[in-house]
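Visitor: Please take a close look at one part of this structure, the charged side chains. I would like to know how they are arranged.

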Amino acid sequence: MTAALSGRGAVLALSLVGLMLAGTIWQPFDPHAVNLQAALEGPSMQHWLGTDHLGRDLASRLLAGAQPSLLAIVIVLISSLGIGLLAGVAIGFGPASLSNCVRWLAETALALPTLIVALLLSALFGAGIVAISAALVASTWAPYALTIAALLERLRSETYWAASIALGSDTLGAVRRHGLPNAWPMIGALAGADAGRAVILVASLGFLGLSADTGQPEWGTMIHEYRMFVFSEPRLVLAPVCATALVAFALNRILDRG
């Protein structure tokens, strides 16, 4: 019963992320098209989630708003995993001076407040997804590095690791064959949490007006724009809030399979 529920949850999560991907290239209406005669219409067959105060289709804006979050997730996961893997191997197999230096950098990076770093980078280099992603990567590579280093240290005491080296496998080959498969459950859990954090951080900075382009649909920007209708038309605010929460949960559900 538990396994069946888990399977259904994974299918629902994958469906939600699939809808998010599809929404970046297709929307039922132009998300920018203004039609004041259709302002604040409720949900209908034509407009699934209704329209906003300018008559724009809310569902279309919600689908188009997924693109900044997706881009940030891709940048963060690829960069954090790549840097974390290299740093973890350096800690585990590098010379003592390099190992200690990288470990100190990783432990320092863990203390960085992501939102403050994002605000600082936005002020220095301009608001945008790249600044947001860089802020996340600055702190998220460290848990991967320390996790991989700890796992490699444990694996080096295992018999099959020694046998693999004795049979002629080099260190990188042994890491690929034994290290990464054993590390994936923990790495997947970290990746799921980081993907969820990326979605929430993009929405948070969008709410503060630091998204890539305030003229483009983005979930945080939509929450900020629709906040004045929170009591009269709560669906306008609830739609991007629920989308942010559901996608963060779905990504954590998909990636954290340990």
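Guide: Helices are DSSP runs of H or I with at least four residues, numbered from the N terminus (strands are E runs of at least two). The model is predicted, so local features need pLDDT of at least 70 and side-chain atom pairs pLDDT 80 or more, while totals for chains, interfaces and linings use all residues. Residues are numbered from 1 along each chain as its sequence is written, and side-chain values use heavy atoms, leaving out hydrogens and water.

Arg-56 is one of four residues, with Asp-52, Arg-61 and Glu-225, that are linked in a network of salt bridges (a side-chain nitrogen of Lys or Arg within 4 Å of a carboxyl oxygen of Asp or Glu). The structure as a whole holds five salt bridges. Side chains of opposite charge can pair when their charged atoms come close.

Start with Arg-56 itself. Its relative accessibility is 9%, so Arg-56 counts as buried (under 20% relative accessible area; exposed is over 50%, partly exposed in between, with a 1.4 Å probe and protein chains only). Two polar contacts involve its side chain (N or O pairs within 3.5 Å, one able to donate a hydrogen and the other to accept it; residues adjacent in sequence count only if both atoms are side-chain atoms). The one to the side chain of Asp-52 is 2.8 Å, and the one to the side chain of Glu-225 is 2.6 Å. Leaving aside neighbours within four places in sequence, the residues in contact with Arg-56 (heavy atoms within 4.5 Å) include Pro-31, His-32, Thr-51, Arg-61, Glu-225 and Tyr-226.

Arg-61 is the other arginine of the network. In its salt bridge with Asp-52, the closest N and O atoms are 4.0 Å apart. Both partners count as buried: Arg-61 has 3% relative accessibility, and Asp-52 has 0%. Arg-61 also meets the side chain of Glu-225 in a salt bridge, at 3.7 Å from N to O. This pair ties together parts that are 164 residues apart in sequence, because Glu-225 lies in helix H9 and Arg-61 in helix H2. Glu-225 counts as partly exposed, with a relative accessibility of 22%.

What pairs with Arg-235 in a salt bridge? Its partner is Glu-233, with 3.2 Å between the closest N and O atoms. Arg-235 is buried too, its relative accessible area being 18%.

For a view beyond the charged groups, turn to the nonpolar side chains. Leu-77 is among those touching the most other members in the largest nonpolar core, which has 50 residues (buried Ala, Val, Leu, Ile, Met, Phe, Trp, Tyr and Cys joined through side-chain atoms within 4.5 Å). Among the elements supplying at least two residues each to this core are helix H2 (58–64) and helix H9 (219–226).
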